[in-house]
Amino acid sequence: SESLSGLLFIFGPVLEGALELIDSKEIEVVTSLPSERSFCLFPANASESEKYFCFDHYCSCPAFKIAVVSKENTLACKHQLASWIVKELGDQYKQRKEIQDTEYSTILFGDLPGTSS
């Protein structure tokens with residue numbers, strides 16, 4: 001298909017990693033309501049508890065910091081590319097979770113000092 005060929009030309013080996021993530025069906029798309037802000041969560045390697053947070057222009061994985069930001073030799077990490085692709089695919093490739101806007105910062109950053117959950 002032409003779309004995959006185009007993505008392969010632009011992203012090279014990052015595409016293979018992104019497609020593996022999509023095939024795993026472990027991508028969680030979290031949407032905050034009512035603002036409709038969203039981000040994706042990816043399992044960090046084999047760790048069940050640690051997750052990478054991925055936004056359109058940022059990912060918390062080490063590859064993003066090294067290859068995308070520091071070296072500037074690639075356009076996106078595999079998590080970003082997978083999140084862009086999976087948002088266009090049907091629900092069979094992702095898990096959806098809806099949260100309230102009040103939960104958004106707590107999920108990303110944890111409880112703020114002086115607050116309790």
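Residues count as buried under 20% relative accessible area, as exposed over 50%, and as partly exposed in between. Keep that in mind for these close-ups of a predicted model.

**View 1. Lysine 25, a partly exposed residue with positive phi.** Here we visit the loop between H2 and S1, where lysine 25 sits. Its relative accessibility is 42%, so lysine 25 counts as partly exposed. The phi angle of lysine 25 is near 55 degrees. Most residues other than glycine have a negative phi.

**View 2. The loop between S1 and S2.** Leucine 33 and proline 34 are joined by a cis peptide bond, with omega at about 10 degrees. Glutamate 36 belongs to this loop too, and its phi is near 65 degrees, a positive value. With 60% relative accessibility, glutamate 36 counts as exposed.

**View 3. Helices H1 and H2 pack together.** Helix H1 (residues 2-11) meets H2 at an angle of about 125 degrees, and their axes are 6 Å apart. The two helices are therefore oblique to each other. Leu4, Leu7, Leu8 and Phe11 of H1 touch Pro13, Val14, Leu15 and Leu19 of H2. This contact has 8 nonpolar residues, with no polar and no charged ones.

**View 4. The largest nonpolar core.** This core has 23 residues, and those with the most contacts inside it are Ile27, Phe42, Cys59, Leu81 and Ala82. Helix H2 gives the most to the core, with 5 residues. Look for leucine 81: beyond its neighbours within four places in sequence, it is in contact with Leu7, Phe11, Val14, Leu15, Ala18 and Ala76.

Note on methods:
Residues numbered from 1 in each chain as written. Predicted model: local features only at pLDDT ≥ 70, side-chain atom pairs only at ≥ 80, totals over all residues. Heavy atoms only, no water. Core = buried A, V, L, I, M, F, W, Y, C linked by side-chain atoms within 4.5 Å. Buried < 20%, exposed > 50% of the residue type's maximum accessible area, 1.4 Å probe, protein only. Helix = DSSP H or I, 4+ residues; strand = E, 2+ residues; numbered from the N terminus. Contact = heavy atoms within 4.5 Å. Axes fitted to C-alpha atoms, helices over the stretch in contact; angles between N-to-C directions. Parallel < 35°, antiparallel > 145°, perpendicular 65-115°, else oblique. Nonpolar A, V, L, I, M, F, W, Y, C, P; charged D, E, K, R; others polar.
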